[in-house]
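Student: I would like to go through this structure and ask what stands behind each label.
Tutor: Go ahead, and we will set each value against its cut-off.

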Amino acid sequence: MNWNWDHVDEFMPLFWDGVELTLKALLFGTLIAFSLGLVWAVAQRSEKKWIRWPVTVVTEFIRNTPLLVQLFFLFYVVPEWGPSMSPLTTGIVGLGLHYSTYTSEVYRAGIEGVPAGQWEAATALSLSKRRTWTSVILPQAVRRVIPALGNYVIVMLKESPQMAAIGALDMLGQAQNYSQTTFTFEAISVVGVAFIVIAYPASLLLRVLERRLVR
Amino acid sequence: MSSEFFGNWFLPGIWITVQVTFFSAALAFVIAFPIGVLRTSRLWIVRFLAGAYFEIFRSTSSLVFMFWIAFTVPPLFNISFQPMFAGVLALGITYGAYASEIVRGALAAVPPAQREAGIALNFTPLQRLRRIELPQAWPEMIPPFNNLLIELLKGTSLVSLIAVADMTFAGDLLRLVKNESAPIYTLLLALYFVFAFILTRGMRLLERHAKKRVGQTPEKTSLFGGLRSKSSIDVVSGTGGAK
């Protein structure tokens with residue numbers, strides 16, 4: 001055992017920079033995942049085949065391939081055709097896009113959980129399709145799926161270190177940089193503990209939320 | 001893409017991805033059953049310890065854990081091992097935790113009367129587990145295991161970051177050497193998708209077989225009908241988290 005606390009002290013300022021970047025990525029990634037997921041879910045219930053099919057193919061493809069390779073793809077391939085993005089932006093888009101395909105499953109389950117009578121009632125009141133979705137179905141669907149969506153925030157937090165692979169200096173990126181320049185190893189342990197410290201209380205909180213909301 | 005490079009890096013990379021997937025899935029499986037069973041124990045301390053294992057690994061990032069094993073453990077304890085060993089260990093331990101939750105859930109779903117029947121027949125707890133509870137819980141475990149396996153397959157791409165020459169690593173290397181990326185990463189994504197597809201179909205067959213054996217009716221499946229099981233949201237414990 002040759003653990004040195006001085007390295008931990010020295011790493012701390014960098015660590016907080018990493019935390020800031022991780023949280024930024026998480027916030028914007030979540031926003032994308034939650035909103036895009038809803039779009040996928042509604043599109044998959046469309047009556048038009050030409051909407052339903054491509055969406056199914058795209059979401060299945062994204063869900064069944066690794067986030068890491070998707071990040072590489074976004075970072076190295078996309079700039080060949082269009083705009084180049086900073087590592088952080090790439091990370092946000094990657095996380096958001098990847099997990100939108102998971103949240104779409106959550107929304108789908110929520111939408112299917114709305115009693116059929118609600119659809120019939122909307123038809124009986126001759127509400128337009130848009131009104132049916134926005135005032136009847138979605139408000140009921142979304143409330144039930146909040147805890148499940150919350151789970152994905154934690155999952156995204158845990159997967160966010162993959163951004164370090166494309167050079168985003170999140171918690172892991174900072175630790176990696178620090179370790180490589182100083183030839184020490186304490187920094188990664190600090191980051192590992194940080195994840196437990198953030199994620200465990202968050203999952204406890206979600207459990208409480210779940211008990212309150214889903215009944 | 002030159003055929004020389006393909007033969008030297010890409011094909012071996014594919015083989016390493018298959019190996020890492022296989023070994024870490026095997027490790028996860030070996031860990032999951034005892035831990036899952038212990039989590040249903042009547043002794044609170046046993047339940048607590050097995051539960052703690054699950055909670056710890058559910059709350060850490062598998063990549064950070066992998067880095068920790070690969071780069072912190074060797075200098076800290078003055079030992080050394082191959083990066084691939086570190087990768088398999090990290091993935092196996094992490095996914096073992098998620099899998100243990102699946103085992104626990106499936107065991108809990110066996111009707112209590114079945115356990116009582118076992119007690120009435122004077123079975124030992126181990127006999128009950130082997131002859132009554134596990135055979136009934138097994139078909140329930142397969143669909144979530146399938147989801148987990150896909151997550152694990154995707155998770156194996158992380159080993160490229162600790163310098164294991166899997167197919168993602170080969171792709172990355174190729175980008176640096178050839179300075180082109182579109183065909184490489186497209187191929188890589190397609191390969192992972194094909195692997196995931198094959199795994200899913202294989203597990204479907206296993207599920208049908210298992211259900212027939214215990215006398216449940218297997219669901220009808222079409223070749224393309226839904227790549228993942230419908231229950232993916234509640235179990236996807238895959239990438240883990242509080243999922």
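**Labels and their cut-offs**

Tutor: Start with B:K154, which is buried at a relative accessible area of 5%. The model is a predicted one.

Student: Why is B:K154 called buried?

Tutor: Buried means under 20% relative accessible area. B:K154 has 5%, so the label buried applies.

Student: What makes the pair B:K154 and B:E151 a salt bridge?

Tutor: The cut-off is a Lys or Arg side-chain nitrogen within 4 Å of a carboxyl oxygen of Asp or Glu. For B:K154 and B:E151 the N to O distance is 3.8 Å, so the pair qualifies. Both residues lie in helix α6 of chain B, three residues apart, about one turn of the helix. B:E151 also counts as buried, at 2% relative accessibility.

Student: Why is B:E101 called partly exposed?

Tutor: B:E101 has 21%, so the label is partly exposed. Its salt-bridge partner is B:R39, with 2.7 Å from N to O. B:R39 has 15% and therefore counts as buried.

Student: How do you know that B:R39 and B:E101 link distant parts of the chain?

Tutor: They are 62 residues apart: B:R39 is in the loop between α1 and α2 of chain B, and B:E101 is in helix α4 of chain B.

Student: Why are A:E47 and A:K129 called exposed?

Tutor: Exposed means over 50%. A:E47 has 65% and A:K129 has 54%, so both are exposed. Their side chains meet in a salt bridge at 3.4 Å, N to O. This pair also links distant parts of the chain, with A:E47 in the loop between α1 and α2 of chain A and A:K129 in helix α6 of chain A, 82 residues apart.

Student: What makes the contact between A:R207 and B:E55 a salt bridge?

Tutor: The N to O distance is 3.1 Å, and the cut-off is within 4 Å, so A:R207 and B:E55 qualify.

Student: Which residue class, nonpolar, polar or charged, has how many residues on the side of chain A that touches chain B?

Tutor: That side divides into 29 nonpolar, eleven polar and eight charged residues. Between the two chains about 4200 Å² is buried, with carbon and sulfur atoms giving 68% of the area.

Terms used: Residues are numbered from 1 along each chain as its sequence is written. Chains are lettered from A and ligands numbered from 1 in the order in which they are written. This is a predicted model: local features need pLDDT of at least 70, side-chain atom pairs count only at pLDDT 80 or more; totals for chains, interfaces and linings use all residues. Side-chain values use heavy atoms; hydrogens and water are left out. Buried area is the accessible area (1.4 Å probe) that two parts lose on being put together, summed over both. Ala, Val, Leu, Ile, Met, Phe, Trp, Tyr, Cys and Pro count as nonpolar, Asp, Glu, Lys and Arg as charged, and the others, Gly among them, as polar. Helices (H or I, at least four residues) and strands (E, at least two) are DSSP runs, numbered from the N terminus. Buried means under 20% relative accessible area, exposed over 50%, partly exposed in between (1.4 Å probe, protein chains only).
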